[in-house]
Amino acid sequence: LFLRAEPGAIYPSHTHHGPEECYVLRGTVVIDGRELHAGDFHHADDGSDHGEITTTTGADVLIVGAIDDYL
């Protein structure tokens with residue numbers, strides 16, 4: 001999944017139905033209280049929970065994960 005988030009975007013809290021790999025390509029996102037920048041990577045285990053994911057700058061993110069998490 002390629003995700004382009006506008007500045008101020010908020011992705012709601014969610015649970016993963018499989019492992020997820022997240023690559024920040026542009027901008028910054030805050031995941032689990034950590035600010036990730038272009039080139040950073042985040043892994044989430046199957047069954048893990050996330051609070052809101054936010055961006056103040058906007059961001060392009062490549063996400064590889066379970067299709068059930070996005071449809």
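Strands here are DSSP runs of E with at least two residues, numbered from the N terminus.

**Ground rules.** I'm working from a predicted model, so to speak: local features need pLDDT of at least 70, side-chain atom pairs count only at pLDDT 80 or more, and totals for chains, interfaces and linings use all residues. Residues are numbered from 1 along each chain as its sequence is written, and side-chain values use heavy atoms, with hydrogens and water left out.

Strands giving two or more lining residues include β1 (2-5), β8 (53-54) and β9 (59-64). β4 gives the most, with four residues.

**Thr55.** Next I checked the loop between β8 and β9, where Thr55 lies. Is Thr55 buried or exposed? Thr55 is buried, at 5% relative accessible area (buried is under 20%, exposed over 50%, with a 1.4 Å probe and protein chains only). Leaving aside neighbours within four places in sequence, I found Thr55 in contact with residues including Ala5, Pro7, Thr28 and Val29 (contact: heavy atoms within 4.5 Å). The Thr55 side chain also reaches the backbone nitrogen of Gly58 at 2.9 Å.

**Asp32.** Last, I looked at the loop between β4 and β5 (34-37), which holds Asp32. Asp32 is not a glycine, yet has a positive phi of about 55 degrees. Most residues other than glycine have a negative phi.

Technical notes
Polar contact = N/O pair within 3.5 Å; in protein donor to acceptor, adjacent residues only side chain to side chain.
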